[in-house]
Amino acid sequence: MTITAQHIEPAAVTPKPTVASHARDYVARIRGGELGALPAVLGLVVLCVFFGVMRPVFFSAGNFANLFTQGAAVAVIAMGMVFVLLLGEIDLSAGFASGVCAAVLAQVVAVHGYPWYVAVLAALATGVVIGLVLGFLVAKVGIPSFVVTLAAFLAFQGTVLLLIKGGTNVSIGDEVIIAIENRNIPPALGWLLVVLIAGGYAAIQLLSVHRRTSRGLVTEPLPVVLARIGGLVAILAGAVYFLNLERSINPALNSLKGVPIVVPIIAVLLIVWTFVLRRTAYGRHIYAVGGNREAARRAGINVDKIRISVFVICSFMAAIGGIILASKSRSVDPNTGGSNVLLYAVGAAVIGGTSLFGGKGRVLDAVLGGAVIAVIDNGMGLMNLSSGQKFVFTGSVLLLAAGVDALSRKRAAATGHR
Amino acid sequence: MTITAQHIEPAAVTPKPTVASHARDYVARIRGGELGALPAVLGLVVLCVFFGVMRPVFFSAGNFANLFTQGAAVAVIAMGMVFVLLLGEIDLSAGFASGVCAAVLAQVVAVHGYPWYVAVLAALATGVVIGLVLGFLVAKVGIPSFVVTLAAFLAFQGTVLLLIKGGTNVSIGDEVIIAIENRNIPPALGWLLVVLIAGGYAAIQLLSVHRRTSRGLVTEPLPVVLARIGGLVAILAGAVYFLNLERSINPALNSLKGVPIVVPIIAVLLIVWTFVLRRTAYGRHIYAVGGNREAARRAGINVDKIRISVFVICSFMAAIGGIILASKSRSVDPNTGGSNVLLYAVGAAVIGGTSLFGGKGRVLDAVLGGAVIAVIDNGMGLMNLSSGQKFVFTGSVLLLAAGVDALSRKRAAATGHR
Amino acid sequence: MPVCPRSTLRRCTVTPLLEARGIVKRFGPVQVLQDVDFSVPPGEVTAVVGDNGAGKSTLVKCISGIYTSDEGEFLFEGKPVTIHGPRDAAALGIEVVYQDLALCDNLDIVQNMFLGREKRSGLVLDEPTMEQMAAETLAGLSVRTVKSLRQLVASLSGGQRQTVAIAKAVLWNSKLVILDEPTAALGVAQTAQVLELVRRLADNGLAVVLISHNMNDVFAVSDNIAALFLGRMVAQVRTTDVTHSQVVELITAGRSGNLGLPPAENGAELMDPTIPGAQQ
Amino acid sequence: MPVCPRSTLRRCTVTPLLEARGIVKRFGPVQVLQDVDFSVPPGEVTAVVGDNGAGKSTLVKCISGIYTSDEGEFLFEGKPVTIHGPRDAAALGIEVVYQDLALCDNLDIVQNMFLGREKRSGLVLDEPTMEQMAAETLAGLSVRTVKSLRQLVASLSGGQRQTVAIAKAVLWNSKLVILDEPTAALGVAQTAQVLELVRRLADNGLAVVLISHNMNDVFAVSDNIAALFLGRMVAQVRTTDVTHSQVVELITAGRSGNLGLPPAENGAELMDPTIPGAQQ
Amino acid sequence: ACGDDSGSDTGSGTDGGGKTAKIGVILPDSASSDRWETADRKYLEEAFTAAGVQYDIQNAQGDKNTFQTLADQMITNGATVLMIVNLDSGTGKAVLDKAKSQGVATIDYDRLTLGGSAEYYVSFDNEAVGKLQGEGLVKCLTAANAQKPVVAELNGSQTDNNATLFKNGYDSILQPKYDAGEYVKGPDQWVPDWDNNQAGTLFEQMLTQQKGKIDGVLAANDGLGNAVISVLKKNNLNGKVPVTGQDATVQGLQNILAGDQCMTVYKAIKQEADAAADLAIGLAKGERKSTSQTVKDPESGRDVPSVLLTPVAITKENVKDVVADGFVTKEELCTGSFAAACTQAGIS
Ligand SMILES: Nc1ncnc2c1ncn2[C@@H]1O[C@H](COP(=O)(O)OP(=O)(O)OP(=O)(O)O)[C@@H](O)[C@H]1O
Ligand SMILES: Nc1ncnc2c1ncn2[C@@H]1O[C@H](COP(=O)(O)OP(=O)(O)OP(=O)(O)O)[C@@H](O)[C@H]1O
Ligand SMILES: [Mg+2]
Ligand SMILES: [Mg+2]
């Protein structure tokens, strides 16, 4: 029984918005500071133009494909990191967790010679177990996540060293694992994927409009929805077209074209996690716990379970990241997942717009931020700079990209928005 | 005019507490979860006992002195980090900022041959400038501190490389700078310091009791205050006595006794910053901004200025840390301030009890947390473990120390406290 | 059959829906609730009154499991229950509007209203249904200034926030609804609507606990009144048996002797007018 | 001499301490304040009334510089001023108790009360003086359940928090005190004390702005009443010239034609009873 | 515009699929040793410039990911010859294979990529380096007339395969002595990331643990050696406990001149760089030069055409050779208090 069912008044709906009113509202929102992904995309465009002008080769098909394979691992780990950050927690160990999982992979596939799927499963399982332990320590024992994962950061570093005896490195020969980062899908399959993804998106969008309209709820005007679908199709088709170009320097020797296998993997992960965050009760609860843990608790949400689960997701994604790293370098060594991987992953999420204080962020942020970092890394590699200059330059460019974002968001604060 | 001056009622004072009621309250508070520094101290004791049992040499006078010189740099950087953390910000660049300052020091004193005080001033000034830039970018431009300092982390890494041309090691020969970590103060001076610090503390405490009593305000019972003073005297005297023991391996060859010079430096920094945080309006405002930035703004606090200032303090302390690092290894190299320095510094602050979300923390936390980390590092160095084992072990011990803290604080949450 | 905590309760023979016995709550050295007995009959509005800091909200939080009480026990429908958290309370059919509201600022109105009990179709959230239900409930509470149900609650006015919190609590099938100062931030029309809602809930057989500082509201809707004074329950009486001024006396002095109520169990001590000052 | 915004104001010849002219405030596409005129005479209590979400708190925040208004201007003591933030407001002598209180939960009562204006002796904070002054002020506001002035405000009850916020605002030498629903969470005695304080402040020559949903309080202490309706200022009248029901009508319908008040400038549109529903 | 210091940046206009000869070089890091940035880069640049080929020298800063990105980018940028100092064989192999598949010629510089496909391998023998260190320490201990000396070992980063090779080298000298009871094996630890600061702490703890009874230290390079010497100085033991090193850095040589360090290993990097540059320039011009030596890849069994150079042990007596070689200059070395020692050591 809904107590209030008695006094139903006409549902509180706004007048049906038109395309014009929608556009007006959109401009007002932009001017009011609700920018969404705009600044990150803008920063990305600026960076691309900059590098493209400095080094025309930046815009070659080969380099475009490189961008994906170079940025894949960080983007995947960053996607998992978003979940942890959404709760206002942090996982410093994600980098080396990917190292541990990669080491397990290497042990199983290279040292013990099991087939690749056993190894992949073992690596993923390792990730889940790591996440469970971290989550338990944070949620149940109550140690701050920074300390738990700092300890794990150290411990995992050691674990990799112990797993890969004495600090040699283990080569991975398995063709399937190597393919992830080093092979491409046939051009035709690439086009099929475009059709599938774009079609699915269009179906979901149109269905939702239909369901809302039939209930008399406010919907976006149809042309706006169609425009959005069109935009997605254009981006996907453009990317696939570009990736399907021949990019071998020496085509006679070795033809190289098609979408790198890792791209559809990232796309699937992005879609799945976006779905989980935006369309399931579990995702809603993550936002709630991140926004106001006490309110979530009072609403009957099992806060501990949510907290543990995000660490599991993060470590699971780290495991996938580890597999990608192993695939990329065809080997695993004690430094896999080390050095900048962690900071880049957190940085990717934060640059994309995820808050370190919880409650705000999207999986797409991680991918966009990961793209920013990949472009900087990639472009920087095209310049002839000394290490020192390169570090300084990378830092400055990163700052610049974030500055664009910050300055455009500053209006938001001025107008009372967050 | 105080509007309410008209209806003065007898000030709302609690009945004068006695020693017994005080003790009762203390026990109730402890059981209710207000533990203060207790868990960190407890963790420290447990660690010391553990290492002392495993390696009896851990308790030698020489090792005791080592603890101070080994942990000094991290503790100093952590002290500065506390200020940044108090605002809920983070400074990932503090480690390499100390490297940059150390490189400046090395340039000025070793390469250009200026006297030590010029070099030290230059290093400190560099720290201040770094802090100003970081603070400006965070507070005025509005880029999240994680991103700003991640960019700075990269840029400073490059700056060190550029300053120390291409990655050589610059030896530091200046005796004054080397003395900081490598020489001791005469035993008599050590005792004088004990008298000065204990005397000052006693004077301030008793004066405060006197002033409050004379106004009819609640005070702690005198015996409690005296006990606290006595406790401090005992700790100081014990430490100085121990450090004044002969600890040379070959006393005939080379007498080695007295408090290492870096210890009074840390003591002074600890006292000054504690004073600033607890006894000045500026310190109060830091807590206010960290606790509720909007409330602080509405109370008329210049939030931007506070935010910039903490970055200045943090980088300034990083500069001191850099000087200590340079003094310790008598040289500066591109890795100075790198590897674990940053994570250890943040970890020290957090282990001590400083919150990453702002508003909660003390400078003493940094020193206690720094001590925990120094003890782990020191004790671990006495064990003959492989790198892998050592990493794993360090991580586990860190977790254990934090676990003691967390479990004892868990009661607090259960009883409704924070 | 439960013991009758206050002999003056008329309907004592009816099993109270919720009964609290000897509840004690301490925060470290501070004792906030001392030996509180309290009973909530079904189908009635029980008002809890008391001065600022008397312990009303603490009592509510003990009932809903936000705090665990240090001593004492709760009976729900005559059976002893232990409530370890809000989820246990919700499982028993207890809904609470807290004084400090506890909304997630980063979620919108609909998301907040259905938090923890989202409607789904299959795995997926059923947004249209939730939005429709939310709109209906809010319309019934005279909220007319909310621009959009998809507005973040962070941008709502004080009264709008409060309405959302109330709407959230009454959306569900519950047996006991506790409202901690629900009308504090509400306008005239909205207050009237909420009081009407409270009355209607009780008339539908639910037990309602209403905390309020507004004596007019208390007398307008409540069936019986429980008065807290410095953490002690000094009286629980039928509303019709007392006057405004007697209740105010109970709130401010802990007793109202002329009514013929026996002094509270610890009345002698509590009545000492110097105690409040000394306890400050 | 300022223009007299509403011809019905008796004391119009006195320069208002604060005058707002044509204030407009938008949040993105949402217009919350539309062309608001408002004047606050010194030595009087000006009540601001309006439905939930009418824009009262937004108006206050525009005055105190929390928000910058998109259009319009403020005159203070007859001179145009721009207020860029709370510090500017404080410098002019404006003190505000916000509806959402804005206390630092990690600081104790005394620290909160003196936040931003700490008493010092030399460099050092003068804690004893502050503690004493805080104790005196709180005692004057009938707060008797606070255990210690060194308690963190996080652990205070709703009413105690509100009292701290009020005490904080009246500690200082100011010319204008704005209180946004100051008595919402207060008990009977505390409410009476605060109303008395409000009256005394005005009698001491200060200008006081009081926002309240409680008509009894409004009529008890205010000298004139300003009514907001859906972001428009529909009337500012002398309290003695209107009745309860007229004010309630102003709040809920935007006009009260039988009083003889001219309809608000945009009254024709505002009075359309279908608009509120349509604007939801 | 971006502060190019290589002066060889004309390639950006002519990136049409490797028609212009262009050589890409990836150095491993700048933390483990000074040599990459101070010596190798300099000598390679000199050689390439002299030959008039385009080049691009980058440093991976110890990061595998960066390493691969750099390789990708060099190939994209049109390099026809790729010369790498691998961080590990796995990444190295990945890079070499990818380059080969694109028709880019490759050289293993300093470190052999196991199972790799490089055209040439140019290096010093790392185990030989270790051996020199071991022999040097033995010589110094003998000179100090130490009886049953306790020897502490401070190895490089356990994650660096070269550190393992060095260790193999010096352990092959020291282990027999331990086994024979001539020497006593003291603490033996790895230094994470070759970090000098951590090395200092580690050695201080070794000294504490041994209650000061350490008579010789095998430090894997000059940086670690200097960290050890710092601790020794604090305890006034410097000069009394022999310490080894590697790389002949200014700091190491100064420590040798001061008598605090017993020896270092000088790898005539110029020779190595010149040899490698020569091969690379040849490849870039389409010639395949022949080498006198080969090294057998233990993994694939392939005989890799190689140029192997011999390291030299440097003690106080032959410091002057390093200066004469132009590896360090007198100005760098003989600053301040070292001027006298320089003269004494015959450096003019
Ligand atoms: N976590 C806590 N720690 C210490 N004291 C607390 C804590 N929470 C509440 N108190 C104290 O307990 C007393 C009762 O608080 P409570 O919130 O129950 O009062 P209340 O009756 O709801 O008052 P109000 O009418 O102002 O809302 C107050 O004096 C308050 O200061
Ligand atoms: N930051 C914001 N973004 C969007 N809308 C806002 C924002 N702040 C306030 N509003 C809207 O402005 C309107 C006025 O809010 P305001 O807080 O001024 O109301 P109020 O008159 O104080 O109401 P109450 O009596 O409930 O406190 C409300 O409808 C609210 O939803
Ligand atoms: Mg309450
Ligand atoms: Mg309001």
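This is a predicted model: local features need pLDDT of at least 70, side-chain atom pairs count only at pLDDT 80 or more; totals for chains, interfaces and linings use all residues.
Residues are numbered from 1 along each chain as its sequence is written, chains are lettered from A and ligands numbered from 1 in the order in which they are written, and side-chain values use heavy atoms, with hydrogens and water left out.

The complex gets an ipTM of 0.82 and a pTM of 0.85 from the predictor.

Now for the metal. C:Ser57 (OG) and C:Gln99 (OE1) coordinate the magnesium ion (ligand 3) at 1.9 to 2.1 Å. Donors here are N, O and S atoms within 2.8 Å of the metal (3.2 Å for Na, K and Ca), and with water not among the atoms, sites may look incomplete. The two residues sit 42 residues apart: C:Ser57 belongs to helix α1 (residues 56–64) of chain C, and C:Gln99 to the loop between β6 (94–97) and α3 (109–113) of chain C. Helices (H or I, at least four residues) and strands (E, at least two) are DSSP runs, numbered from the N terminus. C:Ser57 counts as buried, at 17% relative accessibility, whereas C:Gln99 is partly exposed, at 22%. The cut-offs are under 20% relative accessible area for buried, over 50% for exposed and in between for partly exposed (1.4 Å probe, protein chains only).

Chain C also has an open, mixed sheet of 6 strands, in the order β6-β9-β10-β3-β11-β12. Strands β6 and β12 (232–238) of chain C are at the edges with a single partner each, so one side of each lacks a neighbour in the sheet. Strands count as paired if DSSP finds at least two bridges between them. Strands β3 (residues 45–50) and β11 (residues 224–229) of chain C run parallel, paired over 5 bridges, and C:Thr46 stands opposite C:Asn224 in β11(C).

Back in chain E, helix α8 (residues 250–257) is largely enclosed by the rest of the structure, because 7 of its 8 residues are buried. Among them are E:Leu253, E:Ile256 and E:Leu257. Just after α8(E), E:Gly259 adopts a positive phi of about 85°.
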